[in-house]
Amino acid sequence: MSQLIKLKINGVTKEVLIEPWWSLAYVLREVLNLSGTKVGCESGNCGACIVQLEGKAVNSCLLLAVKCKGKEITTIEGLKGKDGELHPLQKAFIEHFAVQCGYCTPGMIMAAKALLEEIPHPDEEDVRRELSGNLCRCTGYVKIVEAVLAAREATKTRS
Amino acid sequence: MPEFSVVGKSIIRVDALEKVTGKAVFCSDIKLPGMLHAKVLRSPYPHAKIVSIDTTKANQVPGVKCILTGKDVPEKRYGSTVRDATIIARDVVRAVGEAVAAVAAESVEAADKALGLIDVKYEQLPPMFDPEEAVGTKPPVTIHPDLFNYELASSFFKTGKLLEFDRPNVMMHFKIRRGEVVKGFEISDLVVENKFTTARAQQCPLELQVSIVQPEADGSLTLWMSSTMMHPARMDFSRLFDLPLSKVRVGQPYVGGSFGRSASRGEHPITMALALKTGRPVKHVYTREEMFYRAGNRIPFTVYIKDGIKKDGTLVARELKIILGGGGIGEFTVGLVAKNCAFAAVGTYRITNFKLDSYGVYTNNPVAAGFRGFGSGEVTFAIESQMDIVAEKLGMDPVEFRRKNILREGEPNVTGEITHSTGGAGCLNKVSEWIKSDEKFSLDGAWRRGKGIALANKYTLAPSTASARVEVTKEEGIVIYHGAEEVGQGCDTIMAQIVAEEFGVQVDEVRTAPKDTLHTPFDSGAYSSRQTYWSGNAVRLACVDAKEKILDKAGEIFGVHRDEVELKEGFVYPKRVPDKKIRIAEACDSFIGGRIVGNGNFVQEFAAEDPETGQIDPELAAEGKRLNSSYAHTAKGVEVAVNIETGEVKVLRCATANDMGFPINPKICEQQAEGGLGMGIGLGIYEEVLLKEGVIMNPNFTDYRMPTFCEFPELDKVKIMFAPVPHKDGPYGAKGFSEAAMVGMEAAIANAVYSAVGVRIKDLPITAEKVLKAIKGSKEIY
């Protein structure tokens, strides 16, 4: 049975008519046209679909949209600051060459954002452990780790 | 070496901003008004006759617009060597996962529901899974009884000796003969024979395979696909559907990773057939499981290698027999890989007596296709494991043994090509220096440490074609049209750097036009690590052409001879009066239409091999003509820890040195080098597509293990080095190396495992089970 739910997406409350079996990833991409969130495996293994739900990193392909009723969701589209400035993680990913094909990038950045909010000063091991649910086939992960570590300080000052 | 201002510098990637903001458009992001969704019904059997297909019930599902079976689509076949693939199976299925019917519906759910209601009756046929059985002259099963009636792809029309009438399951037999291999073994002091195998693996691009087709009012088709080679693909599609080339248009958004699989035509023709039939746009997105069945797979290799060596370490003779276990259809590339894998044995060592036979064979396993390296990694695993085995038997240092036999500039390789731009020795030196260093690791008592190296090359193929166009206008600035698809390798940035260098401007003053066959000049596309060399040359030539025209025009403007005009840093001016300088774009404005167009075509004559001997004409070779356009060279070094109680292998640190001729963007080269190491660790230790009676046991990311953050060594344990030797025909000396970046890693790991625990694993991947079993079986106690 279709139902109308409210989702607070990137700070804006939206009413969405959904089917109860739709995943959050489906609603974001297909209903709300927020295609920055990617889908890679639909089984919660690759992390390409990671968004923040109430601040926590979640695989939006595994989460039913109906479960997110009234909750706050942040996607890659909501990352830029009010002045249009890039998030420190986005800057660091660009400057440290942490982007190749770019398909894992939005999920990677969202997972890293949640990580930096949870562990204010992660070391390399923290980054590797916390991001191990995000797969990247292009990079060997080196430059992604470098970018996240570089974004630590800047993120702190921003918040 | 001339001074450059843009090439050779780590300019920020031109695609990075779009990608970090989620704005980059991939095929899966495209939606069209009125779009239908496609789903494909696949064979559950490895080998079966299709007795009947009943779509009555499926057609009644609300929202279903069209169901196609083999008889509803053109009968023509496609493939890059033997044209063996039908759009949808007809009469017989030869692999689990082969398309049997396709549905287009208003929603994915409706299409899925319809799939479940299509009633297919099969009569199972005896399957054959073992490539070694399949390759023989009396195989139990002949998978394509009509093989000898199939067409050959255009590039093989002339030489066309890939099939052999006495081997009915062989889609390609490639041969190299040089010297007298039998005599070579006779005069050797030591003869060493081994057999190696590599596993079926998955390319695992993060993006799922997608195609979207829009039928246009004039009967033409516009296709967007998450594959590469838009121009050659377009030619195949036009032939398949009997449409003039002008009626097939292919657009190419960003591709979310290729790793070899996107050079295949895949099932894009199915989406085209559905769009033609319904008159509506159709989108087809694979599931991850379908990616495992139908979007590639690294072909499993069996490599027999026999070497004859003199006491002093001279490699006198080498014989290789290589068997590639393809699937029920060659898909697009198995035949090509069967040929091109041979070059791994060509580009590195000097061997007087050489014999190679490689066979691409059909089995009833799921389709396999090109994987990064196109067979180089697989053959290199055998060769570089063998080099260590031989060195030990000779009592020689493995680095010294390699160094002694390495091809030098100007020497003929085993196909008669004259070696040029060979950085192998430099790579080997750098890695062997690195590996001597010692690092402390805290490991408990069950772990043993070992080090290993490998040396390798990866060819970039020829012949090939690349064209590009650069347009300069006052309003738009510099816009570049090139056909190298951006799959993550960074080619859009490389091309923009070349343009910026040629015009003396900044990279952000150059824009790249979206890739679309409608306006992008012909380019063979992104495969074979060819973009920097081929597309890069075309782009540079387009700039040269535009600059000539600009100089002519500027001469008119300034009233001086064109030779008196200087073009520098984005400006033109009379050499004697630099103050009169005007921007290039302003000079272009005075052209008719306000536009200067520069065209570049890069064509390089190549020397085709003799199909019986693999040799190129010695006269052509002496003129510098080659079989391949270039070879990238690489060395890998690995330190592993092996747990003698569990068999687990862990990469503690690794290094690579690469010869890419000239690093146009050093950071992008680092990206490729690091990614290559990562993928090599996966293929070396973890990755295998497991089959049981032709069914994939692990077609998902839960059960198929590719490396995560945790399987790759820490930042300070990874060393990336460059050992570039410029190529005379490459742009600024550059050649592609994105596949070489990975090649050799599996062998380096195997050699390191041997040095740690004394067991030689000859079958990839080097899993804990295999290592433990080998340790328990070995007599020595560690």
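What follows is a chat about the contact between two chains and some single residues.

Q: Before we start, what are we looking at?
A: This is a predicted model, where local features need pLDDT of at least 70 and side-chain atom pairs count only at pLDDT 80 or more, while totals for chains, interfaces and linings use all residues. Residues are numbered from 1 along each chain as its sequence is written, chains are lettered from A and ligands numbered from 1 in the order in which they are written, and side-chain values use heavy atoms, with hydrogens and water left out.

Q: OK, how much area do chain A and chain B bury between them?
A: About 4,300 Å², with 62% of it on carbon and sulfur atoms. Buried area here is the accessible area (1.4 Å probe) that two parts lose on being put together, summed over both.

Q: And which residues of chain A lose the most area to chain B?
A: A:Phe97, A:Arg128 and A:Arg137, together 21% of what that side buries.

Q: How many salt bridges between chain A and chain B?
A: Six, taking a salt bridge as a side-chain nitrogen of Lys or Arg within 4 Å of a carboxyl oxygen of Asp or Glu. One of the pairs is A:Arg137 with B:Glu687, at 2.7 Å from N to O.

Q: Which element gives the most to the side of chain A that touches chain B?
A: That's α5(A), with six residues; helices are DSSP runs (H or I, at least four residues) and strands likewise (E, at least two), numbered from the N terminus.

Q: Switching topic: where are the cis peptide bonds?
A: One joins B:Ala462 and B:Pro463, with omega about -5°, and B:Pro463 lies in the loop between β16 and β17 of chain B. Another joins B:Leu764 and B:Pro765, with omega about -10°; B:Pro765 is in the loop between α18 and α19.

Q: What about B:Asp91, what's its phi?
A: Near 65°, a positive value in a residue other than glycine. B:Asp91 lies in the loop between β3 and β4 of chain B.

Q: Is B:Asp91 buried or exposed?
A: Exposed, because its relative accessibility is 57%; the cut-offs are under 20% relative accessible area for buried, over 50% for exposed and partly exposed in between (1.4 Å probe, protein chains only).

Q: And B:Cys204, buried or exposed?
A: B:Cys204 counts as buried because its relative accessibility is 0%. B:Cys204 also has a positive phi, about 55°, although it is not a glycine.
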